[in-house]
Amino acid sequence: MHPALDQLSDRLLIQCRLSHAAAAARIADEHDTGLVLTGSSPEPTVRYLRDQGFDRPILCDADRYSGTRRISAGKGIRPAWCRRQHDLGLTALTDSGYLATRNWTGLRTILRAAARQPEPTIAMLPLAARWFATPSVCDALARVINGQHVPVALAIEHRSDPFGAQYVLRGFLRLLDAIAVPVLLLRCDVSALGALCHGAHAAAIGTVSALRHFYPITVGGGPPPPRVSAFVTPLLSYHRLDTCERVVAGTPELHQLWPCDCPACHGATPAQLSTTEDPPVATTEHSLHAQLRLRAELLRHTGEQGLSAWHEACSHALFVHDQVAETTTRWLAPANLRTWYAVTRDPLPHRTGIPRQPGRRAARTPRPLG
């Protein structure tokens, strides 16, 4: 493996727009991780970061695969884009187009072109979710990838969260097991941690919702409007600040769970980020610190212990969601946590210390929040 790829191993990267790179780099530096810069002209930003002493890994995502003007994978890649990244001393990430389901020609076009580029180069594969629909398609996808011996970075298109669909998670884990080259997962949220625990070479969490998802093009619509949401570690999920306020106020018996000692919260609860000078900035900083700290905790474990740690983290979060649902109307645990818990198994089921997910409880009428 090329030494530059070694530097990415087990890292939870921060994916951000070029305009947010300086702030993201400060947090990445504190947690010894790297960045995925999203934009078509990254050179000035990369040079600025290097001049400021940021020496962690940087990948550049041209993002030609998303939005209404996205290109198809059949357009291939631009060698000049890879050369620009190599000239900066970076590992090149191809500027691939969108891979619609079973676009085998487009897939081979990307991989063959990536294989012709100087090392280190990673083939970007922006995949429709239905690539993971059946074991036979997943296995064929793995064979094609293995045939070119090129590391790959995946982004998975879905109208909400690809890891909220069991078929996607099953297919993704099957692919991880079958692929013999490093696999990165980009444009993700907390499921990036699950991917790392299950063997992904690296994964990236987005600083904003648009970079934690890869939405399909829809007629007369689009991705949901941006909103300020904070990552709540005990729940392993993002919630609007007003929702955080309701949860904290409505669960006094869980008061010990909500305070956060990250540099943005200083021991307060995420709900209180709304009172900061710049709530969107403070909320982003909190969410990144919280997930990178969680990554450090989970990745202390390896092999079966790592799988068990992630499974029990999901179990504990679902347990807390169940408790919140008793006092909060119309509360549902996130689909991705339910899917991770249902699809995966704890290889060390006799560990203790985290409550196991309870069985179905009798329905009860939620009390109004005071």
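Q: How do α2 and α3 sit relative to each other?
A: This is a predicted model, and in it α2 and α3 are oblique to each other, because their axes cross at roughly 40 degrees. Those axes come within 11 Å.

Q: Which hand does that crossing have?
A: Right-handed, as α2 passes α3.

Q: And which residues in α2 and α3 actually meet?
A: From α2 you have A21, A22 and A25, and they meet T45, Y48 and L49 in α3. Sorted by class, that contact has five nonpolar residues, one polar and no charged ones.

Q: Nice. What salt bridge does D29 form?
A: D29 pairs with R56, and their closest N and O atoms are 2.9 Å apart. The pair links distant parts of the chain: D29 belongs to helix α2, while R56 is in the loop between α3 and β3, 27 residues apart.

Q: How many salt bridges turn up in the whole structure?
A: A search finds 13.

Q: Switching to the sheet: what's the strand order?
A: The order is β3-β2-β1-β8-β7-β6-β5-β4, an open sheet of eight strands with parallel pairing. At the edges stand β3 (58-61) and β4 (92-93), each with a single partner strand, so one side of each has no neighbour in the sheet.

Q: What joins β4 to β5?
A: Two bridges do, and the strands run parallel, with β5 covering residues 121-128.

Q: Where does helix α2 pack?
A: On the sheet, where helix α2 (residues 21-30) touches β1 (11-17) and β2 (35-38). Its direction makes about 165 degrees with that of β1.

Q: What about helix α5, which strands does it lie across?
A: Helix α5 (residues 104-115) lies across β5 and β6 (152-157), and runs at about 170 degrees to β5.

Q: What do β9 and β10 form?
A: A hairpin with four residues between the strands, and L236 is in the turn. Four bridges join β9 to β10, which run antiparallel. Within that pairing, A230 stands opposite H239 in β10.

Q: Last topic: how do α11 and α12 cross?
A: Helix α11 (residues 303-325) and helix α12 (residues 335-343) have axes that cross at roughly 130 degrees and come within 9 Å. With that angle, α11 and α12 are therefore oblique to each other. The crossing of α11 past α12 is left-handed.

Terms used
Residues are numbered from 1 along each chain as its sequence is written. This is a predicted model: local features need pLDDT of at least 70, side-chain atom pairs count only at pLDDT 80 or more; totals for chains, interfaces and linings use all residues. Side-chain values use heavy atoms; hydrogens and water are left out. Two strands pair if DSSP finds at least two bridges between them. Contact means heavy atoms within 4.5 Å. Axes are lines fitted to C-alpha atoms, for helices over the stretch in contact, and angles run from 0 to 180 degrees between N-to-C directions. Angles under 35 degrees count as roughly parallel, over 145 as roughly antiparallel, 65 to 115 as roughly perpendicular and the rest as oblique. A crossing is left-handed if the near helix is turned anticlockwise from the far one by less than a right angle, and right-handed if clockwise. A salt bridge is a side-chain nitrogen of Lys or Arg within 4 Å of a carboxyl oxygen of Asp or Glu. Ala, Val, Leu, Ile, Met, Phe, Trp, Tyr, Cys and Pro count as nonpolar, Asp, Glu, Lys and Arg as charged, and the others, Gly among them, as polar.
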